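User: I would like to learn how to read the features of a structure, one at a time. Where do we start?
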Number of protein chains: 2
Amino acid sequence: MRMLINVPETVVADALRGMAAAHPELTVDVERRVVVRRDAPVAGKVALVSGGGSGHEPLHGGFVGPGMLTAACPGEVFTSPVPDQMVRAAAAVDSGAGVLFVVKNYTGDVLNFEMAAELAEDEGIQVAKVLVDDDVAVTDSLYTAGRRGTGGTLFVEKIAGAAAEEGAPLERVEAIARRVNERSRSFGVALSACTTPAKGSPTFDLPPGELELGVGIHGEPGRERRAMMTSREIADYAVNAVVEDLDPTGPVIALVNGMGGTPLLELYGFNAEVQRVLGERGVPVARTLVGNYVTSLDMAGCSVTLCEVDEELLRLWDAPVQTPALRWGR
Amino acid sequence: MRMLINVPETVVADALRGMAAAHPELTVDVERRVVVRRDAPVAGKVALVSGGGSGHEPLHGGFVGPGMLTAACPGEVFTSPVPDQMVRAAAAVDSGAGVLFVVKNYTGDVLNFEMAAELAEDEGIQVAKVLVDDDVAVTDSLYTAGRRGTGGTLFVEKIAGAAAEEGAPLERVEAIARRVNERSRSFGVALSACTTPAKGSPTFDLPPGELELGVGIHGEPGRERRAMMTSREIADYAVNAVVEDLDPTGPVIALVNGMGGTPLLELYGFNAEVQRVLGERGVPVARTLVGNYVTSLDMAGCSVTLCEVDEELLRLWDAPVQTPALRWGR
């Protein structure tokens with residue numbers, strides 16, 4: 001075990017304490033596990049709340065701030081947060097304009113956010129929900145009925161967050177979030193398994209020299225396992241899987257995402273191959289983001305997410321955002 | 001080998017192509033290996049040029065942009081760039097106000113930047129140099145006479161870059177860079193070795209369950225090797241090493257840096273322990289930055305850098321910066 005931790009039981013609480021110390025612009029309730037934008041509730045504006053298992057950082061806590069999420073609820077590592085966290089988050093951020101829950105499609109997340117929505121509505125909070133299910137690799141995987149939610153979450157949170165920041169009403173923020181999800185597709189590849197603190201050993205067996213094509217962000221099985229491939233071959237496989245499913249007619253935003261254990265040097269090199277395949281397929285790329293944004297602890301590997309954008313979605317993507325992990329504009 | 005690459009020979013060129021595609025705000029000369037801020041030269045302003053071996057991303061290319069570096073010269077992985085790159089960079093960015101070379105203290109970097117400074121001066125470019133040697137772990141390590149340059153580089157590039165952006169003349173930018181280096185100290189810890197593309201296997205032998213205290217950013221030996229320690233124990237060791245050497249009387253900026261292979265979840269948890277030790281030692285913390293900024297490929301581990309700041313240095317730290325890896329303000 002080569003982890004930088006105290007004991008597995010305190011990993012999430014320790015991280016939240018460290019996050020609070022680094023980011024005075026956030027309010028972090030370490031005990032109740034809610035990360036909130038400090039100036040929330042923001043008068044007249046819709047709030048966005050997301051959450052999910054820890055281990056995918058910076059998702060979601062690193063995306064809390066003006067122009068993106070209003071609050072995030074981190075669960076234990078690879079474990080859904082509980083409804084109580086989500087209700088607290090909703091109560092903390094609701095300005096009266098309502099709350100959008102952004103829910104990655106994992107059975108536990110879906111059930112708990114549904115229960116939280118009912119409880120919050122009982123408290124007089126107007127709640128809408130959007131389900132993110134962008135992963136084209138498989139349907140009905142471990143933990144999931146239907147498609148898994150992965151990199152598309154970043155696009156939903158950024159673009160719908162920008163709409164909320166502009167003052168769009170709840171039904172409009174919800175509609176935009178849905179549109180972003182419908183136009184987003186992802187495909188992930190693992191070059192190694194990841195190790196959870198509780199288990200202390202790899203979560204699945206991936207021998208050196210093999211890779212898992214279509215892996216989920218918890219190491220769920222993908223489409224197939226193969227002998228090691230080059231960056232060029234992996235880009236061909238992943239981008240084609242995404243493009244064939246999305247079938248874009250307009251420009252896309254590309255997220256070339258690291259799973260956590262792959263050096264940025266390699267991710268940039270992989271991006272060159274991703275751009276090559278997109279060029280060969282005639283897909284225009286409006287914006288590209290390269291880095292570790294939706295991770296799986298120390299897993300080596302990468303994912304490609306494409307979001308097909310129209311003029312409005314691109315404008316909202318470019319709108320200012322001020323979060324720990326994503327910031328531009330002012 | 002679990003690398004996301006084509007062949008070891010093209011890793012740096014591939015990464016530069018991918019960087020060019022992702023960052024239209026930079027001019028990337030892939031063949032000559034120079035990354036330049038697109039609007040350079042900036043009239044009337046001092047330019048900052050740095051560089052070093054690749055494998056430490058986002059350092060240095062990810063720090064090119066308004067408010068930080070004007071250009072960066074990436075060498076091969078863990079190998080110094082050559083003088084020709086540095087001269088080209090200097091010529092591309094010099095507005096007539098002069099160029100500051102920011103040089104990490106490794107023998108190859110020092111020699112090549114010295115030669116480049118002479119060549120650039122022959123071309124009529126005014127050049128100043130600042131040496132970064134912030135690593136308190138050891139003196140005279142592998143590749144280095146004196147102390148190694150590590151995380152302090154980020155502080156020098158950010159704070160001196162802000163001074164240049166404000167229009168400070170060369171001697172003043174140089175003096176500020178020197179002051180930042182004199183007030184910065186680092187200590188690194190490896191929980192695993194890293195693997196270079198060319199070698200394809202770990203660069204040094206670190207058995208699971210052991211760690212290297214005081215490791216360099218290329219895996220150079222540190223002070224001692226021990227059986228695995230907790231995050232709390234590592235923070236005690238690393239922060240005390242830094243504080244005892246720096247002996248700060250004023251507030252510090254803390255960089256809690258990942259070596260590349262350690263999840264952000266763990267880095268935030270480690271930050272909680274770093275802040276605890278600083279609190280116990282009575283060191284006030286003005287700002288904290290947590291993330292993977294000065295890395296060693298896929299090495300698991302972390303480093304702590306403290307920079308003692310006065311009012312001016314803190315103001316320059318807070319000044320706007322717009323680079324791929326560090327951005328705030330406007």
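Analyst: Start with a definition: a salt bridge is a side-chain nitrogen of Lys or Arg within 4 Å of a carboxyl oxygen of Asp or Glu. Two notes on the basis: this is a predicted model, where local features need pLDDT of at least 70, side-chain atom pairs count only at pLDDT 80 or more, and totals for chains, interfaces and linings use all residues. Residues are numbered from 1 along each chain as its sequence is written, chains are lettered from A and ligands numbered from 1 in the order in which they are written, and side-chain values use heavy atoms, with hydrogens and water left out.

User: Is B:Arg178 buried, exposed or partly exposed, and what are the cut-offs?
Analyst: Buried means under 20% relative accessible area, exposed over 50%, and partly exposed in between (1.4 Å probe, protein chains only). B:Arg178 is partly exposed, at 34%.

User: Which residue forms a salt bridge with B:Glu280?
Analyst: B:Arg276 does, with the closest N and O atoms 3.0 Å apart. Both residues lie in helix α7 of chain B, four residues apart, about one turn of the helix.

User: Which parts does the pair of B:Arg287 and B:Asp318 tie together?
Analyst: The closest N and O atoms of this salt bridge are 2.7 Å apart. B:Arg287 lies in strand β11 of chain B and B:Asp318 in helix α8 (residues 311-318) of chain B, so the pair ties together parts that are 31 residues apart in sequence. B:Arg287 is partly exposed at 32% relative accessibility, and B:Asp318 is partly exposed at 35%.

User: Now the interface. How should I read its size?
Analyst: The size of an interface is often given as the accessible area lost when the parts come together. Buried area is that loss for two parts (1.4 Å probe), summed over both. Between chain B and chain A, it is about 4400 Å², and carbon and sulfur atoms give 63% of it. In chain B, B:Arg2, B:Leu4 and B:Leu265 lose the most area to chain A, together 20% of what that side buries.

User: How many residues of chain B are in contact with chain A?
Analyst: Contact means heavy atoms within 4.5 Å. By that rule, 54 residues of chain B are in contact with 54 residues of chain A.

User: How many salt bridges are there between chain B and chain A?
Analyst: Two. In one of them, the side chains of B:Glu273 and A:Arg17 meet at 3.7 Å, N to O. A network of salt bridges links A:Asp14, A:Arg17, B:Arg232, B:Asp236, B:Glu273, B:Arg276 and B:Glu280.

User: Which element gives the most to the side of chain B that touches chain A?
Analyst: Elements that give two or more residues to that side are α1 (11-22), α6 (231-246), α7 (264-280), β11 (285-291) and β14 (327-328) of chain B. The most comes from α7(B), with eleven residues.

User: What about backbone geometry?
Analyst: Most residues other than glycine have a negative phi, and most peptide bonds are trans. A cis peptide bond joins A:Leu59 and A:His60, with omega about -10°. In chain B, the peptide bond from B:Leu59 to B:His60 is cis, with omega near -10°. B:His60 is in the loop between β3 (47-54) and β4 (71-77) of chain B.

User: Where is A:Asp140 found?
Analyst: In the loop between β6 (127-132) and α4 (152-165) of chain A. A:Asp140 has a positive phi of about 55° although it is not a glycine. A:Asp140 is exposed, at 55% relative accessible area. A:Tyr143, in the loop between β6 and α4 of chain A, has a positive phi near 75°. A:Tyr143 counts as partly exposed at 45%.
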